[in-house]
Amino acid sequence: MKIRTEQAGRTFFRNGRDTNYFYAVKPVDFTLQEGSLSVITGRSGSGKTTLLHLLSGLLKPSEGRVWLDDNDLYALHDRERSRLRSEQFGIIPQGETGLPSLTVLENVLLPVAMYGKEQDKREQALQLLEEVGIGMLSDVYSNELSGGELRRMSVVRALVNDPSIIIADEPTGDLDEETTVSVMTLLKRRAEQGASVLIVTHDKDVLAYADRLYNMDKGVLTAQ
Ligand SMILES: Nc1ncnc2c1ncn2[C@@H]1O[C@H](COP(=O)(O)OP(=O)(O)OP(=O)(O)O)[C@@H](O)[C@H]1O
Ligand SMILES: [Mg+2]
């Protein structure tokens with residue numbers, strides 16, 4: 001599936017600025033290509049996470065549209081948008097996420113558990129956990145994991161449903177070089193198999209995997 005913005009932008013309100021409304025993302029035309037891995041870099045506060053939220057159906061643009069193939073994502077009924085999101089999107093959010101009362105395997109199977117497909121996906125989940133080096137932690141509660149282990153858990157959770165669109169915010173943020181290679185190899189392989197992959201990163205090691213490179217500066221996205 002292809003995702004595309006048409007002059008989509010987002011303003012936020014903030015007290016104490018000269019103009020109270022400011023653009024976190026200036027209106028932009030952007031197409032996330034299928035079968036390709038795109039990378040966005042840019043300084044802290046430049047609007048990268050906000051753009052990812054617009055693209056992943058989590059945050060309505062204040063102007064413009066976001067298209068998922070022929071669907072205007074934000075014109076859809078909430079329930080329809082949620083269904084598309086859970087079927088088509090694999091989202092790796094910024095920061096540490098996970099339900100502490102579940103084990104690692106239960107956490108990564110959560111997105112498919114809603115559809116009663118946990119049993120079908122169990123083997124694949126275990127294999128993915130193995131690939132990113134945390135196979136031995138599958139039965140551990142997620143509140144016992146380190147930052148980098150949690151990060152890898154959220155990578156596996158995003159991939160287990162075989163999404164056609166993968167959106168990752170700093171997926172290698174707290175990983176060492178070797179672990180970064182295993183995570184990026186997984187994401188690159190998904191792109192080669194046809195997925196549309198978008199990664200926001202500050203990590204120079206990730207740039208080598210990019211088919212397309214963009215920079216974000218004060219809300220303005222530019223192709224490099
Ligand atoms: N809900 C919100 N309300 C008001 N301002 C917001 C909100 N979310 C983000 N912002 C502001 O919008 C700007 C862009 O934020 P965003 O999170 O997109 O930056 P970023 O490029 O992802 O930064 P980082 O690299 O630090 O994660 C920042 O100035 C931020 O303070
Ligand atoms: Mg961010």
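The protein chain has 7 helices and 10 strands. Its radius of gyration, taken over C-alpha atoms, is 17 Å, close to the 17 Å that the globule rule gives for 224 residues, so the chain is as compact as a globular protein of that length. The globule rule is 2.2 Å times the number of residues to the power 0.38. Helices (H or I, at least four residues) and strands (E, at least two) are DSSP runs, numbered from the N terminus. This is a predicted model, in which local features need pLDDT of at least 70 and side-chain atom pairs count only at pLDDT 80 or more, while totals for chains, interfaces and linings use all residues. Residues are numbered from 1 along each chain as its sequence is written, chains are lettered from A and ligands numbered from 1 in the order in which they are written, and side-chain values use heavy atoms, with hydrogens and water left out.

Start with the whole chain. Its C-alpha atoms fill a box of roughly 50 × 40 × 35 Å, taken along the principal axes. Buried residues make up 50% of the 224 residues. Buried means under 20% relative accessible area, exposed over 50%, and partly exposed in between (1.4 Å probe, protein chains only). Now take contacts, meaning heavy atoms within 4.5 Å. Among those between residues at least 6 apart in sequence, 71% join residues at least 24 apart.

Next, find the sheet. It is open, has 6 strands in the order E6-E7-E8-E3-E9-E10, and its pairing is mixed. The edge strands are E6 (89-92) and E10 (220-223), and each pairs on one side only. The twist averages 15° from one strand to the next. Two strands pair if DSSP finds at least two bridges between them. Strands of a sheet pair through backbone hydrogen bonds, either parallel or antiparallel.

Walk across the sheet from E6. E6 and E7 pair in the parallel sense over 4 bridges. Here Phe89 has Ile165 in E7 as its bridge partner. E7 and E8 also run parallel, joined by 5 bridges. Ile166 is partnered with Val197 in E8, and Ala168 stands opposite Ile199 in E8. Strand E3 (residues 36-42) pairs with E8 in the parallel sense over 5 bridges. There, Ser36 stands opposite Ser196. Asp217 has Val220 in E10 as its bridge partner.

E7, helix H6 (residues 177-192) and E8 make a right-handed β-α-β unit. Right-handed means that, with the strands pointing away from the viewer, the path from the first strand over the helix to the second runs clockwise.

Finish with Asp120, in helix H4 (residues 118-131). Is Asp120 buried or exposed? At 61% relative accessibility, Asp120 counts as exposed.

Key:
Axes are lines fitted to C-alpha atoms, for helices over the stretch in contact, and angles run from 0 to 180 degrees between N-to-C directions.
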